2 protein chains.
Amino acid sequence: MDHFHWLHRGTAEIFPNQNNSNNSEENLVNLLKNSDRPLRVKLGIDPTGSDIHLGHSIPFRKLRAFQDAGHTAVVIIGDFTAQIGDPTGKSEVRKQLNSKQVEKNVESYLEQLSSVLDFSTPGRLEIRYNSEWFNKLDFHKVQELLSTMTVSQMLAKEGFSERYKKENPIFLHEFLYPLMQGYDSVVVNADVELGGTDQKFNIAVGRDLQRHFGQKPQFGLLLPILTGTDGTQKMSKSLGNYIGLKEDALSMYSKIEKIPDTLVQNYFELLTNLDLNELPKDSRELQKLLATEITSHYHGEEKALSAKKTAENLVKNRNSLLTDTITEFNLSNVVFPAKLFYILSASKLCVSSGEGRRQIQGGSVRLEGEKILDVNLVFDNPEQLDNKVLQVGKTKFTRLVSR
Amino acid sequence: MDHFHWLHRGTAEIFPNQNNSNNSEENLVNLLKNSDRPLRVKLGIDPTGSDIHLGHSIPFRKLRAFQDAGHTAVVIIGDFTAQIGDPTGKSEVRKQLNSKQVEKNVESYLEQLSSVLDFSTPGRLEIRYNSEWFNKLDFHKVQELLSTMTVSQMLAKEGFSERYKKENPIFLHEFLYPLMQGYDSVVVNADVELGGTDQKFNIAVGRDLQRHFGQKPQFGLLLPILTGTDGTQKMSKSLGNYIGLKEDALSMYSKIEKIPDTLVQNYFELLTNLDLNELPKDSRELQKLLATEITSHYHGEEKALSAKKTAENLVKNRNSLLTDTITEFNLSNVVFPAKLFYILSASKLCVSSGEGRRQIQGGSVRLEGEKILDVNLVFDNPEQLDNKVLQVGKTKFTRLVSR
């Protein structure tokens, strides 16, 4: 097998990529072969959110592959931009965060990545906050950054070009963001930058700025945008078609197991290290393997196998109970945060909160097939329970819905 | 006569200008009438050069009119921008200066304005260097400034729009200049900004920024761009059609006296305070009056009248000698700086440098009709002498040419 198989697996594009040239300046594989030092491989994080899903994990998985090949992952936390927010105050996307919120998000973010990145091998990980350099960037330097690009170059950028054609306003400060991302590459002296295919322009700006500041320009390595569980749109929290790294094993397992057939090969390639030539033929087996493999990665093999078993039982129970006709309980009248025993009573699965407590203590209560033993279990919001099956004993079921 | 005649004389436009409204917010005359404090009237200087010509003097003359009406002239020295130069290094127009050069230029600039502005009445003049605020402008603030405008608004600006249409590159940092000029208005809390008609956009940006920062937006008062001595193009040093404030009285007088008839009324309106209804009818008299009036302003009446006399004599002498056939001496072989006595010898007006010295000492040497008595007079470059008549006694003449 190709020694650099890990580099190309699931990779959408590497640029520049002069295959005809033996010049390592223009070919990443040559650089990897010839470099006498670990390469510095950059990946940026936007800390305005903290929930990561499988889509986000893809460039981090590639970053890990670089780490495993002996290179240095340089993770840039975009805390400066997060703390500015949108200066126009018009965008809800760019909400302004204070440093504590950013810190909390970053902590959560990194925790979720603990089973993706190599945090322990010395010299394999560098975490940098870009406020380090942007807080002290003076006006001269800002002018210098801006002077490296023309308006036409910026307006050609995907995203800007459509908005400009449609005469939607583009505010001037938006031009700073690609330059800031590019300047990050200069500061950390990146050899390679990873990103989704939507990052090509920004990574190319980094190359220009590195050239401007006398550095050898980085390579860009682009990774596909993952399609969500709906099989059509890109995975996104706001579209509800996502699988979060923080989800419990059963939820993660069940969601992966149910993705459309058309996505299965793609998920194997992007989200596992399994040999694609040695996968089972049977499509049910394939989906279960995919779900077990990914769930194992985030929750360990034991929990993954337990989730698999629970899911299988749940399906059996559901089938035996004609789950399509299962009653639903609408949570809209429940005040959250709400204790589970209260929900058992409100939904009439138990005659009172007291019975609810006792059934939990007795081990008869299951949520999505998973036994609940914590009498004081609390849910913060109805979305956490949406579409989940709550069960008491072997005969009483209801599907919770939050709308 | 209208009490605010001084405001409107030679003014191309005042904006906003809601004549129908009695709201002083929208009418500068009302504001002038009703304000209980001196207005702050801003005018910017680009200190990359130091030679001012009559065209530059026009907004300063208007600024003086505001001073005389009791208001405060706020002169902004754009030293920050001058010290940046062009970050692309591509423009020769925006050359980078060090702080000493800027200081020297400013000193010279202000000296040339000494007979235009009122430097002595307390409270009538404030001189501010914009490096004061731009040296400490942080990246957050730069983003805030940029966020107040859209790309389309900026590209609609005269200058940018043509370049964009022609696909000539516009570098992103160029968008900063109007915002910087606008931010100057915020910092000095300007009530009025003066400028040439080419400054309308920048002054309007100042209004927007003042609004953004919670200030009452300034009025813009635009003044015409002066046509140069060629009668067609705007007065400009590089076009050679200018009359500099530093020129000696004779040179200033002669140039003004010779401007095309079509400019005379315009020059009277913009460059003198004479009543336009009481000017002489005879066109020769009119031109002499214009030249005497303006020259008096910069050199005092005595020198102006002397220049007038010399010029008249020179014309007489020329006519009597058929000056059209006067010999020329080309200065291209003379090494500059050069002493006048050497030039007298080199041009064969004198047989030797020694004779040249003696003729100067004896009072026989004239340059453009003006007697030269300084034996050690030195010229730095041939342009200073270009097209000037050098004369020894009453019979020896030569026209010096520098090309």
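**Strand pairing, copies and domains**

Trainee: Which residue stands opposite Arg399(A) in E13(A)?

Mentor: Val389(A) stands opposite Arg399(A), which lies in E13(A). Please bear in mind that this is a predicted model.

Trainee: In which sense do E12(A) and E13(A) pair, parallel or antiparallel?

Mentor: Strand E12 of chain A, residues 389-392, pairs with E13(A) in the antiparallel sense, over 4 bridges. The two strands form a hairpin with 3 residues between them. In the turn, Gly393(A) has a positive phi of about 65°.

Trainee: And how many bridges link E7(A) and E13(A)?

Mentor: There are 3 bridges, and here the pairing is parallel; strand E7 of chain A covers residues 328-330. Within E7(A) and E13(A), Phe329(A) stands opposite Leu400(A).

Trainee: Changing topic: what is the strand order in the open sheet of chain B?

Mentor: The order is E1-E6-E5-E2-E3-E4, giving 6 strands with mixed pairing. Strand E1 (13-15) and strand E4 (125-129) of chain B are the edges; each has a single partner strand, so one side of each lacks a neighbour in the sheet. On average, neighbouring strands of this sheet are turned by 25° against each other, direction ignored.

Trainee: Which helix packs on that sheet?

Mentor: Helix H11 of chain B, residues 200-212, packs there and touches E1, strand E5 (192-196) and strand E6 (219-223) of chain B. The direction of H11 makes about 20° with that of E1(B).

Trainee: What rotation superposes chain B on chain A?

Mentor: A rotation of 179°, with 0.0 Å of shift along its axis, superposes them with an RMSD of 0.2 Å. The two copies are thus related as by a two-fold rotation axis. Both copies use the same surface, since 100% of the contact residues of chain B recur in chain A.

Trainee: Which residue of chain B comes closest to the rotation axis?

Mentor: Asp138(B) does, with its C-alpha at 2.8 Å.

Trainee: Finally, how is chain A divided into domains?

Mentor: The domain assignment gives domain 1 (5-223) and domain 2 (322-403). Their centres, taken over C-alpha atoms, are separated by 44 Å.

How values were computed: Residues numbered from 1 in each chain as written. Chains lettered and ligands numbered in written order. Predicted model: local features only at pLDDT ≥ 70, side-chain atom pairs only at ≥ 80, totals over all residues. Heavy atoms only, no water. Pairing = 2+ DSSP bridges. Axes fitted to C-alpha atoms, helices over the stretch in contact; angles between N-to-C directions. Contact = heavy atoms within 4.5 Å. Least-squares fit on C-alpha atoms with pLDDT ≥ 70 in both. Domains from an automatic or database assignment.
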